[in-house]
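Please consult the sequence and the model while working through them.

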Amino acid sequence: LGVGAAVHSPTFALVNEYEGAAGMPITHMDLYRLDGPGEVARLGLDEYFDGPGWCLVEWPGRAEGLLPATALWVHLSVEGTARRLQAGMGVFPQLPG
């Protein structure tokens, strides 16, 4: 996406913002510590979902019902030495793990 700096998970900050290629805003959020959609909305984080640029969300299930229907999702998993990538569009499915 053209970010020229190291990118870190925003586990404690909740949100990190970057500038991508051609000035494209990139928002990276980690919702792990939040209780669910109500807390995501109370903090105003759902406003990022309809903003310009990319919004990358770790633990998107915590924002269930708030993500746009056009959201793209990616699920990465590791089992032993096997690595699996699943991707789709729309509602994030209930995945094991």
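**Exercise 1.** Which residue stands opposite Ile26 in E2?

**Solution.** The model is predicted, so local features need pLDDT of at least 70 and side-chain atom pairs count only at pLDDT 80 or more, while totals for chains, interfaces and linings use all residues. Residues are numbered from 1 along each chain as its sequence is written, and side-chain values use heavy atoms, with hydrogens and water left out. Tyr18 is the residue opposite Ile26 in E2. Strands are DSSP runs of E with at least two residues, and helices are runs of H or I with at least four, numbered from the N terminus.

**Exercise 2.** Describe the sheet.

**Solution.** Finally, five bridges join E1 and E2 in the antiparallel sense.

**Exercise 3.** Characterise the aromatic pair and the exposure of its residues.

**Solution.** Rings of Phe, Tyr and Trp (its six-membered ring) pair if their centres lie within 6.5 Å; planes under 30 degrees apart are stacked, over 60 edge-to-face, and the rest tilted. The count is one aromatic pair. Tyr32 and Trp59 form this tilted pair, 4.7 Å centre to centre with 55° between the planes. The two residues are 27 residues apart. Tyr32 lies in the loop between strand E2 (25-30) and helix H1 (37-42), and Trp59 in the loop between strand E3 (54-58) and strand E4 (72-79). For exposure, buried means under 20% relative accessible area, exposed over 50%, and partly exposed in between (1.4 Å probe, protein chains only). Tyr32, at 43%, is partly exposed, and Trp59, at 44%, is also partly exposed.

Technical notes: Pairing = 2+ DSSP bridges.
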